[in-house]
Amino acid sequence: MAKSAKIAKIRTPIVCVLGHVDHGKTSLLDRIRGSSVVSSEAGAITQHIGATLVPIEAIRAMSTSMQKIPVTVPGLLFIDTPGHHAFTTLRARGGALADMAIVVVDINEGFQPQTIEALQILRGCKTPFVVALTKIDRVHGWRVVENAPFLTTFAQQNERIQEFMETRHYEIVGKLSDLGFNCERFDRVQDFARNIAIVPISAHTGEGIADLLMVMIGLAQRYMEQSLAMSVDGPGCGTVLEVKEERGLGPTLDVILYDGTLSVGDEIMLASEDGVITTKVRSLLKPRPMKEILTEERFERVKSVVAASGVKVAAPNLDRVIAGSPLRGVRGDREAVATQIRQEMEEIHVKLVED
Ligand code: GDP
């Protein structure tokens with residue numbers, strides 16, 4: 001914590017949700033998107049291109065216990081596409097694009113093959129994560145306390161359910177320990193850098209969701225301050241999610257910007273089927289808020305975006321850009337940037353045409 005004073009700015013961590021099929025990844029993301037309890041501009045949960053931004057003000061508003069804690073992490077950016085495929089294919093400078101992960105485990109089903117696979121992938125990438133033990137509302141006889149913190153709702157359950165929860169919890173702790181992970185229920189974790197937190201939640205009733213978001217912030221704060229420290233003024237670095245034709249705009253790129261600032265007029269370099277290309281940002285577009293979705297223009301034009309955010313980039317010559325490839329803002333040595341792009345593409349086994 002003492003280090004935080006020295007760091008001027010921490011960027012928003014990027015979060016990916018992993019877990020076995022049908023364990024509730026999509027429902028958790030939907031719940032997070034829908035839990036927009038604050039209406040003020042600064043605190044609103046906003047839809048980005050390919051991602052959802054939950055600002056710290058929104059998390060504070062959900063959780064009374066967090067109101068007093070000093071926090072430098074500005075919020076959490078959730079990648080909208082869950083699953084290991086998205087996690088492993090979305091890369092940033094040779095590592096995973098996501099800085100942190102949530103592994104979703106259905107409390108009634110426990111560990112399944114893809115749960116183990118997800119944990120192995122996260123270990124391989126050294127990505128910090130939290131386990132969301134979900135669907136607690138499905139535990140037989142569960143008394144729902146809508147949107148309540150876990151400990152509040154847990155206190156309302158009868159002894160049989162409490163015992164069942166503890167048994168399930170320790171089964172999961174045991175399984176994780178067999179895989180070499182040291183875990184505990186989130187309220188018993190002393191040091192987030194050593195223990196992996198397990199947060200019981202329900203995506204259907206909102207129980208435990210505020211705790212989950214708070215634990216993610218705690219993890220970023222204690223464990224990742226150094227890696228999230230950024231220079232806001234640096235050139236934009238991003239990962240291309242998709243190349244999409246948009247009516248009236250031509251081919252555009254859906255990009256997650258993970259470092260620096262990207263502005264209209266910036267020169268950018270990208271990997272395309274024709275090798276590394278250089279172009280200039282013509283426009284940067286963000287989705288309009290939900291209530292305005294019926295208006296003619298689906299996107300709002302912005303002059304610049306700061307990491308981490310999801311943005312649509314319009315520029316000339318984007319039609320042959322490769323999805324999953326890097327986007328780099330250029331300031332200075334173009335050849336060095338082109339070499340970096342080629343190296344990053346080779347890491348994902350794509351050899352670019354030399355120009
Ligand atoms: P995914 O394949 O991991 O993305 O799983 P989904 O989010 O699609 O969820 C699979 C099924 O579980 C759906 O029928 C969901 O409605 C249900 N589900 C997910 N989360 C919860 C939860 O917290 N409580 C209950 N009761 N059902 C849930």
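**Exercise 1. The second largest cavity**

Which helix gives the most to the lining of the second largest cavity? Work through the predicted model and describe that lining by residue and by class.

*Solution.* Start with the residues themselves: the lining consists of Leu133, Phe154, Met165, Glu166, His169, Arg185 and Pro200. Helix H6, which spans residues 159-178, gives the most, with three residues. Then sort by class: four of the lining residues are nonpolar, one is polar and two are charged. Finally, the volume of this cavity is about 50 Å³.

**Exercise 2. The largest cavity**

Find how many cavities of 30 Å³ or more the whole structure holds, then take the largest and work out which elements supply its lining.

*Solution.* A search of the whole structure gives two cavities of 30 Å³ or more. The largest has a volume of about 80 Å³. Its lining includes Arg91, Ala92, Arg93 and Gly94, and Gly238, Thr239, Glu344 and Glu347 are also among the lining residues. Three elements supply at least two residues each: strand S5 (91-92), strand S11 (237-246) and helix H9 (334-347). By class, the lining divides into three nonpolar, five polar and four charged residues.

**Exercise 3. The ligand and its shell**

Now go down to atom pairs, keeping the cut-off for a polar contact in mind: N or O atoms within 3.5 Å.

- Aspartate 137 places a polar side-chain atom 2.7 Å from a nitrogen atom of the ligand.
- Glycine 24 uses its backbone, with an N or O atom 3.0 Å from an oxygen atom of the ligand.
- Serine 202 has a polar side-chain atom 3.4 Å from an oxygen atom of the ligand.

**Exercise 4. A salt bridge within a helix**

Locate the salt-bridge partner of arginine 33 and say how the two residues are placed in the helix.

*Solution.* Recall first that side chains of opposite charge can pair when their charged atoms come close. The side chain of arginine 33 meets that of aspartate 30, with 2.7 Å from N to O. Both residues belong to helix H1 and sit three residues apart, about one turn of the helix. In total, the count comes to 19 salt bridges.

**Exercise 5. Backbone exceptions**

Which two residues does a cis peptide bond join, and where is asparagine 147, with its positive phi, placed?

*Solution.* The cis bond joins alanine 307 and alanine 308, with omega about -5°. Alanine 308 lies in the loop between strand S18 (304-306) and strand S19 (309-314). Asparagine 147 is not a glycine, yet its phi is about 60°. This asparagine 147 is in the loop between strand S8 (129-134) and helix H5 (150-156).

Key. Residues numbered from 1 in each chain as written. Predicted model: local features only at pLDDT ≥ 70, side-chain atom pairs only at ≥ 80, totals over all residues. Heavy atoms only, no water. 1 Å grid on protein atoms, 1.4 Å probe; cavity = no way out; pocket = protein on both sides within 12 Å on 5 of 7 lines; lining within 4 Å. Points joined across faces, edges and corners; volume = space filled by probe spheres on them. Helix = DSSP H or I, 4+ residues; strand = E, 2+ residues; numbered from the N terminus. Nonpolar A, V, L, I, M, F, W, Y, C, P; charged D, E, K, R; others polar. Polar contact = N/O pair within 3.5 Å; in protein donor to acceptor, adjacent residues only side chain to side chain. Salt bridge = Lys/Arg side-chain N within 4 Å of Asp/Glu carboxyl O.
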